[in-house]
Amino acid sequence: MRTRFDRIRHAVCFEIIGLVLLVGVLSQFGYDSDHVGAVGIAFSFLATGWNYVYNNWFDKLMVRRYKTLKKTSLQRVVHSVGFEAGLLFVTIPILAWVLKVSIWEAFILDIGMVLFYLIYAYVYNLIYDKIFPVPEVVH
């Protein structure tokens, strides 16, 4: 299992890098960077807490089912999809309210952000595991 420090480092770095990328991308599509930044920061706190809880749960599931923390590509995809699905229903109404758009527009925007974060999460976690490898054997 990863240590508490490792999980916190993972979550904080993930959110900081993701926020910088997301604000940069959305500001290029005409969204006010102040609003996007404020929503991004709020969602980062929400996502960071969810990241910690979800990854601990997923690690325990991996150990229980597979006796390892090393993920296959399919397991990485399932991991990322599950994480993003957990945030989707919470973030849509907040996004609509703050950006003053319809629920449908917020849904489309949120789906775009989910797609961004699915790709980002896969690449980030792949790189993170190379820099900070998971333990070989779990008891």
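How many aromatic pairs does the count come to? The count comes to 16 aromatic pairs, where rings of Phe, Tyr and Trp (its six-membered ring) pair if their centres lie within 6.5 Å. This is a predicted model, so local features need pLDDT of at least 70 and side-chain atom pairs count only at pLDDT 80 or more, while totals for chains, interfaces and linings use all residues. Residues are numbered from 1 along each chain as its sequence is written, and side-chain values use heavy atoms, with hydrogens and water left out.

View 1. With ring centres 5.7 Å apart and planes at 75°, Tyr117 and Tyr120 make an edge-to-face pair (planes over 60 degrees apart; under 30 counts as stacked and the rest as tilted). Helices here are DSSP runs (H or I, at least four residues), numbered from the N terminus. Tyr117 is buried at a relative accessible area of 11%, and Tyr120 is buried at 9% (buried means under 20% relative accessible area, with a 1.4 Å probe and protein chains only).

**View 2. Tyr124 and Tyr128 form a stacked pair.** Their ring centres lie 5.9 Å apart and their planes are at 25°, so the pair counts as stacked. Tyr124 and Tyr128 are also both in helix α4, 4 residues apart, about one turn of the helix. Both Tyr124 and Tyr128 are buried.

**View 3. One aromatic cluster, and an arginine over a ring.** Phe14, Phe116, Tyr117, Tyr120, Tyr124, Tyr128 and Phe132 make up one aromatic cluster. Look for Arg9 over the face of Phe132, 3.6 Å from the ring centre (for Arg, CZ must be within 6 Å of the ring centre and within 35 degrees of the ring normal).

**View 4. Helix α1 packs against helix α2.** The axes of α1 (residues 4-28) and α2 (residues 33-66) are 9 Å apart, at an angle of about 150°. Axes are lines fitted to C-alpha atoms over the stretch in contact, and angles run from 0 to 180 degrees between N-to-C directions. The two helices are therefore roughly antiparallel (over 145 degrees). By class, their contact has 10 nonpolar, 10 polar and 4 charged residues; Asp, Glu, Lys and Arg count as charged, Ala, Val, Leu, Ile, Met, Phe, Trp, Tyr, Cys and Pro as nonpolar, and the others, Gly among them, as polar.

Definitions and conventions: Buried means under 20% relative accessible area, exposed over 50%, partly exposed in between (1.4 Å probe, protein chains only). Angles under 35 degrees count as roughly parallel, over 145 as roughly antiparallel, 65 to 115 as roughly perpendicular and the rest as oblique.
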